[in-house]
Amino acid sequence: MVHFGPLALDGSPRIAVPFRDGNDAASIERAVRLGMDIAELRIDQFANREKAHALAEVEKFSAVPVLATIRSEAEGGAWTGSEAARLERYGSLLPEVDAVDVELSSTDIVGDLVMAARALRKPVILSFHDFKRTPPLDELDRIARDARDAGADIVKVAAMCNSQEDVRTLAQFTLENADKNVVVIGMGTIGISTRVLFPALGSLFTFAAYGEGTAPGQLQLERMAQIFAQVYPK
């Protein structure tokens, strides 16, 4: 079991919502009411990435666990600065957030970030993104092993689904790793089903958009919450 601050990822379906900056209290409260379990702050997409501004944005989300992500341009993000600056920004956020997400491919900073997070007992998501295809199962297994060897508490895989066979590949990977703390998402229109159903297979949480999304295929939070209420009745 992984803990995001007060939130235990215990197998119950959870919804994470990405946010840019400039949020107001009423909007955040509405997202919580709709069913947001985790707020992912996409610092790389902030209009203002300065430390003080980023920390002020984190403070707005005191009612919900916060995941800080500074996604590299190489894996679909907007961060184009140096890796040293990105590591510094992660370090400034770590004491104030509940978890961080960084790409497995960011080898220049992964080791130091994992060490810093360990010192503060904050979980680290090491993530992999492929916006063109779904890798075969053996490649996904290798990615997961590499992520765990690098210190991942959670392994996240997000891959483009171009066919139902891709959905089945991701489903098999999820089932085979359900006891090893994974988040698995199929992107694109064909992958929408994975966002709804994979929590039932063992994916720790899914993502929903609140306004403009950050990845292809994200359903709006209100719609996702409605579906979850039907698929996962409490």
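In strand β5, the residue Val-66 is the bridge partner of Ala-39. Strand β4 (residues 38–42) and β5 run parallel and are joined by four bridges; two strands are taken to pair if DSSP finds at least two bridges between them. The model is predicted, so local features need pLDDT of at least 70 and side-chain atom pairs count only at pLDDT 80 or more, whereas totals for chains, interfaces and linings use all residues. Residues are numbered from 1 along each chain as its sequence is written, and side-chain values use heavy atoms, with hydrogens and water left out.

Strand β5 (residues 66–69) is covered on both faces. Val-66 and Ala-68 on one side, and Leu-67 and Thr-69 on the other, are all buried, where buried means under 20% relative accessible area, exposed over 50% and partly exposed in between (1.4 Å probe, protein chains only). In a regular strand the side chains alternate between the two faces of the sheet.

The protein chain as a whole contains eight helices and 10 strands; these are DSSP runs (helices H or I, at least four residues; strands E, at least two), numbered from the N terminus. Buried residues account for 54% of its 234 residues. Of the contacts (heavy atoms within 4.5 Å) between residues at least 6 apart in sequence, 69% join residues at least 24 apart. The C-alpha trace spans about 45 × 40 × 30 Å along its principal axes. The radius of gyration, taken over C-alpha atoms, is 16 Å, which agrees with the value near 17 Å that a compact globule of 234 residues would have; the globule rule is 2.2 Å times the number of residues to the power 0.38.
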